Amino acid sequence: MAVQERPRRPRWRERISLTLDLIRANPTGRIALKIFIAVAGALVVTIGIALIPLPGPGWLLVIAGLGIWAVEYHWARRLLGFTRRHVHGWTLWVTRQSLLVRIVLGSVGLVFVATVVWLSLKYSLGIDVVAEAMRYLATR
(Lines give C-alpha, C1' and ligand atoms only; values in the text may rest on other atoms or scores of the structure.)
Protein backbone atom coordinates (compact mmCIF):
# COMPACT_ATOMS: atom_id res chain seq x y z
CA MET A 1 0.00 0.00 0.00
CA ALA A 2 1.48 3.31 -1.08
CA VAL A 3 1.37 6.21 1.35
CA GLN A 4 0.14 9.35 -0.32
CA GLU A 5 2.16 12.44 0.51
CA ARG A 6 0.48 15.70 1.37
CA PRO A 7 0.77 18.19 -1.46
CA ARG A 8 3.51 20.70 -0.82
CA ARG A 9 2.50 24.22 0.01
CA PRO A 10 3.67 26.92 -2.36
CA ARG A 11 7.07 28.37 -1.52
CA TRP A 12 5.70 31.85 -0.71
CA ARG A 13 3.26 30.36 1.82
CA GLU A 14 6.09 28.47 3.51
CA ARG A 15 8.09 31.70 3.78
CA ILE A 16 5.16 33.60 5.28
CA SER A 17 4.50 30.77 7.73
CA LEU A 18 8.16 30.67 8.74
CA THR A 19 8.26 34.45 9.19
CA LEU A 20 5.12 34.42 11.34
CA ASP A 21 6.57 31.58 13.46
CA LEU A 22 9.77 33.58 13.99
CA ILE A 23 7.77 36.65 15.04
CA ARG A 24 5.62 34.57 17.42
CA ALA A 25 8.73 33.05 19.01
CA ASN A 26 9.48 36.40 20.64
CA PRO A 27 6.97 37.55 23.32
CA THR A 28 7.17 41.16 22.15
CA GLY A 29 6.81 40.08 18.55
CA ARG A 30 3.77 37.97 19.42
CA ILE A 31 2.02 40.93 21.05
CA ALA A 32 3.02 43.30 18.24
CA LEU A 33 1.76 40.81 15.64
CA LYS A 34 -1.59 40.42 17.42
CA ILE A 35 -2.00 44.20 17.60
CA PHE A 36 -1.00 44.66 13.94
CA ILE A 37 -3.35 41.89 12.75
CA ALA A 38 -6.22 43.26 14.88
CA VAL A 39 -5.80 46.83 13.59
CA ALA A 40 -5.23 45.86 9.94
CA GLY A 41 -8.21 43.48 9.94
CA ALA A 42 -10.45 46.03 11.65
CA LEU A 43 -9.47 48.70 9.13
CA VAL A 44 -10.20 46.47 6.12
CA VAL A 45 -13.49 45.18 7.60
CA THR A 46 -14.61 48.74 8.48
CA ILE A 47 -13.89 50.00 4.96
CA GLY A 48 -15.69 46.97 3.55
CA ILE A 49 -18.76 47.54 5.72
CA ALA A 50 -18.83 51.19 4.66
CA LEU A 51 -18.74 50.10 0.99
CA ILE A 52 -21.41 47.37 1.23
CA PRO A 53 -24.31 49.65 0.17
CA LEU A 54 -22.38 50.87 -2.85
CA PRO A 55 -21.70 48.82 -5.96
CA GLY A 56 -18.21 47.51 -5.64
CA PRO A 57 -16.02 45.35 -3.45
CA GLY A 58 -17.72 45.85 -0.07
CA TRP A 59 -18.31 42.18 0.77
CA LEU A 60 -14.99 41.22 -0.78
CA LEU A 61 -13.21 43.60 1.60
CA VAL A 62 -15.13 42.27 4.60
CA ILE A 63 -14.05 38.73 3.67
CA ALA A 64 -10.47 39.93 3.11
CA GLY A 65 -10.50 41.51 6.57
CA LEU A 66 -11.68 38.20 8.01
CA GLY A 67 -8.79 36.57 6.17
CA ILE A 68 -6.37 38.98 7.83
CA TRP A 69 -7.86 38.25 11.26
CA ALA A 70 -7.78 34.50 10.51
CA VAL A 71 -3.97 34.64 10.51
CA GLU A 72 -4.06 35.14 14.28
CA TYR A 73 -7.57 34.48 15.62
CA HIS A 74 -9.33 31.10 15.65
CA TRP A 75 -12.86 32.57 15.69
CA ALA A 76 -12.11 34.47 12.47
CA ARG A 77 -10.71 31.31 10.87
CA ARG A 78 -13.94 29.46 11.70
CA LEU A 79 -16.13 32.33 10.46
CA LEU A 80 -14.11 32.53 7.24
CA GLY A 81 -14.53 28.79 6.69
CA PHE A 82 -18.28 29.09 7.30
CA THR A 83 -18.48 31.96 4.80
CA ARG A 84 -16.48 30.08 2.17
CA ARG A 85 -18.68 26.98 2.50
CA HIS A 86 -21.89 28.96 2.14
CA VAL A 87 -20.68 31.11 -0.76
CA HIS A 88 -19.44 27.96 -2.52
CA GLY A 89 -22.79 26.23 -1.87
CA TRP A 90 -24.70 29.24 -3.19
CA THR A 91 -22.52 29.33 -6.30
CA LEU A 92 -23.06 25.62 -6.97
CA TRP A 93 -26.82 26.01 -6.48
CA VAL A 94 -27.01 28.98 -8.87
CA THR A 95 -24.98 27.19 -11.56
CA ARG A 96 -27.42 24.23 -11.44
CA GLN A 97 -30.42 26.49 -12.08
CA SER A 98 -31.93 27.23 -15.48
CA LEU A 99 -31.00 30.31 -17.44
CA LEU A 100 -34.33 31.92 -16.57
CA VAL A 101 -33.73 31.53 -12.81
CA ARG A 102 -30.22 32.96 -13.16
CA ILE A 103 -31.57 35.94 -15.12
CA VAL A 104 -34.21 36.54 -12.43
CA LEU A 105 -31.56 36.32 -9.66
CA GLY A 106 -29.29 38.72 -11.55
CA SER A 107 -32.17 41.12 -12.13
CA VAL A 108 -33.13 41.07 -8.46
CA GLY A 109 -29.50 41.79 -7.59
CA LEU A 110 -29.35 44.71 -10.04
CA VAL A 111 -32.62 46.17 -8.73
CA PHE A 112 -31.30 45.88 -5.16
CA VAL A 113 -28.00 47.61 -6.03
CA ALA A 114 -29.81 50.33 -8.00
CA THR A 115 -32.17 50.95 -5.08
CA VAL A 116 -29.29 51.18 -2.62
CA VAL A 117 -27.39 53.60 -4.89
CA TRP A 118 -30.53 55.71 -5.41
CA LEU A 119 -31.30 55.89 -1.67
CA SER A 120 -27.64 56.60 -0.85
CA LEU A 121 -27.51 59.48 -3.31
CA LYS A 122 -30.89 60.81 -2.21
CA TYR A 123 -30.29 60.81 1.54
CA SER A 124 -26.54 61.38 1.74
CA LEU A 125 -25.99 63.91 -1.06
CA GLY A 126 -29.53 65.18 -1.58
CA ILE A 127 -29.60 64.13 -5.25
CA ASP A 128 -32.85 62.46 -6.31
CA VAL A 129 -31.84 60.74 -9.54
CA VAL A 130 -35.37 59.50 -10.27
CA ALA A 131 -36.93 62.97 -9.87
CA GLU A 132 -34.17 64.50 -12.03
CA ALA A 133 -34.73 61.87 -14.73
CA MET A 134 -38.49 62.44 -14.69
CA ARG A 135 -37.98 66.21 -14.88
CA TYR A 136 -35.57 65.76 -17.80
CA LEU A 137 -37.99 63.47 -19.67
CA ALA A 138 -40.90 65.89 -19.07
CA THR A 139 -38.99 68.80 -20.64
CA ARG A 140 -37.92 66.88 -23.76
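Guide: Helices (H or I, at least four residues) are DSSP runs, numbered from the N terminus. This is a predicted model, where local features need pLDDT of at least 70, side-chain atom pairs count only at pLDDT 80 or more, and totals for chains, interfaces and linings use all residues. Residues are numbered from 1 along each chain as its sequence is written, and side-chain values use heavy atoms, with hydrogens and water left out.

Visitor: How do you know what span is expected of helix α2?

Guide: The expected span is 1.5 Å times one less than the number of residues. Helix α2 covers residues 27-51, which is 25 residues. The expected span is 36 Å, and α2 reaches 36 Å from its first C-alpha to its last.

Visitor: What caps the N-terminal end of α2?

Guide: Asn26 does. A side-chain oxygen of Asn26 lies 3.0 Å from the backbone nitrogen of Thr28. A polar contact is a pair of N or O atoms within 3.5 Å; within protein, one must be able to donate a hydrogen and the other to accept it, and residues adjacent in sequence count only if both atoms are side-chain atoms.

Visitor: Why are α1 and α2 called oblique to each other?

Guide: Their axes cross at roughly 120 degrees and come within 6 Å. Axes are lines fitted to C-alpha atoms, for helices over the stretch in contact, and angles run from 0 to 180 degrees between N-to-C directions. Under 35 degrees is roughly parallel, over 145 roughly antiparallel, 65 to 115 roughly perpendicular, and the rest oblique. Therefore α1 and α2 are oblique.

Visitor: Which residues of α1 and α2 meet?

Guide: Leu20, Ile23 and Arg24 in α1 meet Gly29, Arg30 and Leu33 in α2. Contact means heavy atoms within 4.5 Å.

Visitor: What makes Glu72 buried?

Guide: Buried means under 20% relative accessible area, exposed over 50%, partly exposed in between (1.4 Å probe, protein chains only). Glu72 has 14%, so Glu72 is buried. Glu72 sits in the loop between α3 and α4. Leaving out residues up to four places away in sequence, Glu72 touches Arg24, Leu33, Lys34, Ile37 and Arg77.

Visitor: Why does Val62 count as buried?

Guide: Val62 lies in helix α3. Its relative accessibility is 12%, so Val62 counts as buried. Beyond its neighbours within four places in sequence, Val62 contacts Val45, Gly48, Ile49 and Ile52.

Technical notes:
Helix = DSSP H or I, 4+ residues; strand = E, 2+ residues; numbered from the N terminus.
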